[in-house]
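Have a look at the structure first, then work through the points below.

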Amino acid sequence: MAVTKTHPIKSTLKAAIDYICNPDKTDGKLLVSSFGCTAETADIEFAWTRRHAIDKGTNLGRHLIQAFQPGEVTPEQAHEIGKQLADEVLQGKYPYVITTHIDKGHLHNHIIFCAVDMANQRKYISNRQTYAFIRRTSDRL
């Protein structure tokens, strides 16, 4: 079963996105996907969404990591599971970039999503309940 963790991004959104999209870690960027934005310009698109937000908070984005046990899944399966997780948790409201890293002994997904939703311009609320939902969804998938 995959392990998950999440944390806010307060100041280095471009650096975080550049790190997760590293071609050496993502099989030449074959394991990079996005929703509601493009991976190359996600930081600019997230900033535009935040600029028009009613309630934006202090976070630029959120970084969700989903790590699998060695041999548990293939890189393609891990990437697909990560996309399903992001789609279910974010419900089509938040733009995101997802990558699957293959450079370690274990496969892991990085999902960076905008701290503000595209539909209602409201900030993402991160608390025990939202994390428990992420955890349950990841375990089910």
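Let's start with a helix pair: helix 3 (residues 75–90) packs against helix 4 (residues 128–140) at an angle of about 140°, and their axes are 10 Å apart. Helices here are DSSP runs of H or I with at least four residues, strands are E runs of at least two, and both are numbered from the N terminus. Keep in mind that this is a predicted model, where local features need pLDDT of at least 70 and side-chain atom pairs count only at pLDDT 80 or more, while totals for chains, interfaces and linings use all residues. Residues are numbered from 1 along each chain as its sequence is written, and side-chain values use heavy atoms, leaving out hydrogens and water.

**The helix pair**
- Axes are lines fitted to C-alpha atoms (for helices, over the stretch in contact), and angles run from 0 to 180 degrees between N-to-C directions.
- On the helix 3 side, Leu-85, Glu-88 and Val-89 meet Phe-133, Ile-134, Thr-137, Ser-138 and Arg-140 of helix 4; contact means heavy atoms within 4.5 Å.

- Five strands make an open sheet, ordered 1-3-5-4-2, with antiparallel pairing; two strands pair if DSSP finds at least two bridges between them.
- At the edges sit strand 1 (3–9) and strand 2 (32–35), each of which pairs on one side only.
- On average, neighbouring strands in this sheet are turned by 15° against each other, ignoring direction.
- Six bridges link strand 4 and strand 5 (residues 108–114), which pair in the antiparallel sense.

**Helices across the sheet**
- Helix 2 (residues 42–51) lies across strand 4 and strand 5, at about 35° to strand 5.
- Helix 4 lies across strand 1 and strand 3 (61–67), at about 145° to strand 1.

**Zooming in on His-101**
- You'll find His-101 in strand 4 (residues 96–101), opposite His-108 in strand 5.
- Is His-101 buried or exposed? His-101 counts as buried because its relative accessibility is 0% (buried is under 20% relative accessible area, exposed over 50%, partly exposed in between, with a 1.4 Å probe and protein chains only).
- A polar atom of the His-101 side chain lies 2.9 Å from the backbone oxygen of Ile-20.
- Leaving aside residues up to four places away in sequence, His-101 touches several residues, including Tyr-19, Lys-25, Thr-26 and Leu-107.

Terms used: Polar contact = N/O pair within 3.5 Å; in protein donor to acceptor, adjacent residues only side chain to side chain.
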